[in-house]
Amino acid sequence: VRSSDADADTPEGAAELHCSGAVAPSRSDDTWMHIDHASVRSYSCTHAADVSTLYATFDTSGLQYGPGYRTLENAWAGGVACLRRRPTQQCTQVHPADLDDAFCTGVLCANGGSGGGGSEGNECRLPFAVDGVLQQGAPGRLWAAVGRQEGSEALWVRLGPPDHPPQAQLEGFQSRVLRAVTPAMQRDRFMTSW
């Protein structure tokens, strides 16, 4: 992903590189991790998180989630959440709103599940990097489970139906604080079509 000023007289090589990656078919050594969501909840989750407070905190830090992107129904401390059933995948194997709320579940893992820490000190955190991703279609109600990778600040993220291989599996997920100075918060309304 690159960007440049369209009006500037600069060679194409002067475009700023933001990120890069590679896409490849699954290999035989790729391992899908099954997650027993009930045992994850009972082991690492001590209490329910307030989903409305989580979204309100995101809103005050500059991330406005419209109704189509508010898919978390229930969430628990430690990074487990149940997502609203989607009537259609809209021509996707993994719907972007579902994947985004799986990332949001990482906030519950990071702050112990209070639901009020969508960003530390109202700092807006956005996805920054991921080491590896596996994706596939999967039927049924989706659950998100997130945990800290041993010896790292990075997280693993799983999104899928209970006791089945995930729809999406990410390793080495990292977020960063958005550092932007804006004179006033601007609220734009867009309709996303996939």
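Trainee: Which residues do ring pairs link into a cluster in this predicted model?

Mentor: The cluster consists of Tyr 55, Phe 58 and Tyr 65, linked by ring pairs. The structure holds 5 aromatic pairs. One of them is formed by Tyr 55 and Tyr 65, with 5.7 Å from centre to centre and 55° between the planes.

Trainee: Why is the pair of Tyr 55 and Tyr 65 called tilted?

Mentor: Rings pair if their centres lie within 6.5 Å, and planes under 30 degrees apart count as stacked, over 60 as edge-to-face and the rest as tilted. The centres of Tyr 55 and Tyr 65 are 5.7 Å apart and the angle is 55°, so the rings pair and the pair falls under tilted.

Trainee: Where in the chain do Tyr 55 and Tyr 65 lie?

Mentor: Tyr 55 belongs to helix 2 (residues 51-60), whereas Tyr 65 is in the loop between helix 2 and strand 4 (72-76). The two are 10 residues apart, and the pair links distant parts of the chain.

Trainee: What makes Tyr 55 and Tyr 65 count as buried?

Mentor: Buried means under 20% relative accessible area. Tyr 55 has 3% relative accessibility and therefore counts as buried. Tyr 65 has 13% and therefore counts as buried too.

Trainee: Why is the pair of Phe 103 and Phe 173 called stacked?

Mentor: The ring centres are 4.5 Å apart and the planes stand at 10°. Planes under 30 degrees apart count as stacked, so the pair of Phe 103 and Phe 173 is stacked.

Trainee: What does the pair of Phe 103 and Phe 173 tie together?

Mentor: Phe 103 lies in helix 3 (residues 96-111) and Phe 173 in strand 10 (residues 168-177), so the pair ties together parts that are 70 residues apart in sequence. Phe 103 counts as buried because its relative accessibility is 18%. Phe 173 is buried as well, because its relative accessible area is 7%.

Trainee: How do you know whether Asp 101 is buried or exposed?

Mentor: The relative accessible area of Asp 101 is 0%. The limit for buried is under 20%, so Asp 101 is buried. Asp 101 is found in helix 3. Not counting residues up to four places away in sequence, Asp 101 touches several residues, among them Tyr 55, Tyr 65 and Leu 72.

Trainee: What makes Leu 134 count as buried?

Mentor: Leu 134 has 13% relative accessibility and therefore counts as buried. Its place is in strand 7 (residues 132-135). Leu 134 and Arg 158 are 24 residues apart in sequence, and their C-alpha atoms are 9.7 Å apart in space.

Trainee: Which residues have the most contacts inside the largest nonpolar core?

Mentor: They are Phe 58, Leu 72, Val 157 and Leu 159, in a core of 28 residues. Several elements each supply at least two residues of this core, including helix 2, strand 4 and strand 10. Helix 3 gives the most, with 6 residues. In soluble globular proteins, nonpolar side chains tend to be buried together.

Trainee: How many helices and strands does the protein chain have?

Mentor: The chain has 3 helices and 10 strands. Buried residues make up 35% of its 194 residues. Among contacts with a separation of 6 or more, 67% are between residues 24 or more positions apart.

Methods
Residues numbered from 1 in each chain as written. Predicted model: local features only at pLDDT ≥ 70, side-chain atom pairs only at ≥ 80, totals over all residues. Heavy atoms only, no water. Phe/Tyr/Trp six-rings, centres within 6.5 Å; stacked < 30°, edge-to-face > 60°. Helix = DSSP H or I, 4+ residues; strand = E, 2+ residues; numbered from the N terminus. Buried < 20%, exposed > 50% of the residue type's maximum accessible area, 1.4 Å probe, protein only. Contact = heavy atoms within 4.5 Å. Core = buried A, V, L, I, M, F, W, Y, C linked by side-chain atoms within 4.5 Å.
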